[in-house]
Amino acid sequence: MGKVTVGAAVIGGAAVCAAAAFIVHHRMQNANPSHKAADILKEFEEKCATPISKLKQIADAMTVEMHAGLASEGGSKLKMLITYVDNLPTGDEQGVYYALDLGGTNFRVLRVQLSGNSTIEYKEFAEASIPPQLMVGTPEALFDYIAAELAKFIADESEKFHLSPGRQRELGFTFSFPVLQLSIDSGTLIRWTKGFSIDALVGKDVVAELTKAMDRQGVDMRVSALVNDTVGTLAGGKYDNKDVAVAVIMGTGSNAAYVERAQAIPKWHGPHPKSGEMVINMEWGNFRSSHLPITEYDNTLDADSLNPGEQIFEKMIAGMYLGEILRRVLLRMADEAGLFGDTIPPKLKTKFALRYLRFSNYRTHIMSAMHHDTSPDLKVVGEKLKDILEIRDTPLSTRKIVVSACNIIATRGARLAAAGILGILKKTGRESIRDSEIPDTVIAMDGGLYENYTIYRNCLENTLNELVGEKFAEHIKLIHSNDGSGIGAALLAACNSQYI
Ligand code: BGC
């Protein structure tokens, strides 16, 4: 009993000190919350600065790493994966093909009917979200779920798609994670990214696992091509436009693929493809360089992530992480500057609280929604702070600080992505050719961030123009390759059909 009383007295004393310190601390903050928050913002902006000179250094570092990754397996943080895609679709492909697109929080099943002459006669798709528990569960649970959706999709299809007896349906599998391919239709998972973490699948052939699940679900289908989403986007883009030479995904995650000369891939020991070319999946999300403007918020985000030390570039530029950087900046402002009052709003402490808002299959990128708010009183910002973080009645000055933080984060991300693209243009010599010979280069872009975050997209495009200069800017075009990765996978399934 005595002991308890003493303990309580000690705790009571400590609590009084803490409470006194708390009051003093917060009085100081409240003296001028937006001043202090503005200081934090200014410091953050300085650390995130991406002047053109820095972006050029980053592009050069990207080029150096590309060379190193092509020279030997494990030669660089950039994996520069050989995709076994040495021929992109020509437009002559014909028939009905399927694609399965897995890589983010949603997955899609597609059916396309190709009629030659670069024409997609018909396309249909179904989309479903991946229940979060399946992203960190077992390979069987994930693949059974996917195969069951595929089974439903086929069961519902019209008779005109029923194949002649003895003919098997063929599928392009877009699996948007780093995979070491052994052939066009097989490959082992190197590691997970983007919040997936199913250890038992690492090192396994993902096509074999999908095939087993399809067998279990009674789906008779052959996986004819295993492709990354960047590779699918490249194939889909090339089908529409012969000048497409690079594909970039800016979505939940980020990555790029491009057409490389087979001669320029020292680590490739197989027979040289007839085309003399090979598509390389860069896995640029894992790029890192001492030139990157990394802040304390990036470091803690990385340390707390499912894949610490990996995907550093991705964590600075991709949709999954932008809102999380914002949350961390606001948390510091709440803590040190009392930006949201005397206490830290509890919801602001929840990791990834500012990622997406979901309504069935429809998602809103919260940071993008706040950043695009043009209303005089920043109504959308106020609503999001209230609805998501339960912070009510924020003054306009606070909302403005939130928008400024969004702007710093998006600007840095978009400019770094542009520097990454410049790195590819440099590696392929498309940015240094003499006047008369400048080829047109089309970059097929896809991903929700690129598609929906207009400020980000404009900043990326403007920065790229600035980086390459007026003369080259005329010859470099970014196009939105909508649905490119799924269609591209179906096209690659057609190119690698067992029946040709
Ligand atoms: C993955 C890539 C993928 C990219 C875009 C990254 O996290 O590692 O394979 O292409 O996201 O989906």
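Student: Leaving aside its neighbours within four places in sequence, which residues is Thr-441 in contact with?

Tutor: Keep in mind that this is a predicted model. In it, Thr-441 touches Asp-243, Ala-245, Leu-425, Arg-430, His-475, Ile-476 and Lys-477, once those sequence neighbours are set aside. Thr-441 belongs to strand β14, residues 441–446.

Student: Is Thr-441 buried or exposed?

Tutor: Buried means under 20% relative accessible area. Thr-441 has 0%, so it counts as buried.

Student: How many residues of helix α9 are buried?

Tutor: Start with the general idea: an α-helix has 3.6 residues a turn, so residues three or four places apart point the same way. Here, α9 is mostly covered, with 16 of its 19 residues buried. Just after α9 comes Gly-338, with a positive phi of about 55°.

Student: What about salt bridges? How many does a search of the whole structure find?

Tutor: In general, side chains of opposite charge can pair when their charged atoms come close. The search turns up 28 salt bridges. Take Glu-124 and Arg-111, whose closest N and O atoms are 2.5 Å apart. Glu-124 sits in strand β4 and Arg-111 in strand β3, so their pairing ties together parts 13 residues apart in sequence.

Student: And how accessible are Glu-124 and Arg-111?

Tutor: Glu-124 is partly exposed at 32% relative accessible area, while Arg-111 is buried at 1%.

Key:
Residues numbered from 1 in each chain as written. Predicted model: local features only at pLDDT ≥ 70, side-chain atom pairs only at ≥ 80, totals over all residues. Heavy atoms only, no water. Helix = DSSP H or I, 4+ residues; strand = E, 2+ residues; numbered from the N terminus. Buried < 20%, exposed > 50% of the residue type's maximum accessible area, 1.4 Å probe, protein only. Contact = heavy atoms within 4.5 Å. Salt bridge = Lys/Arg side-chain N within 4 Å of Asp/Glu carboxyl O.
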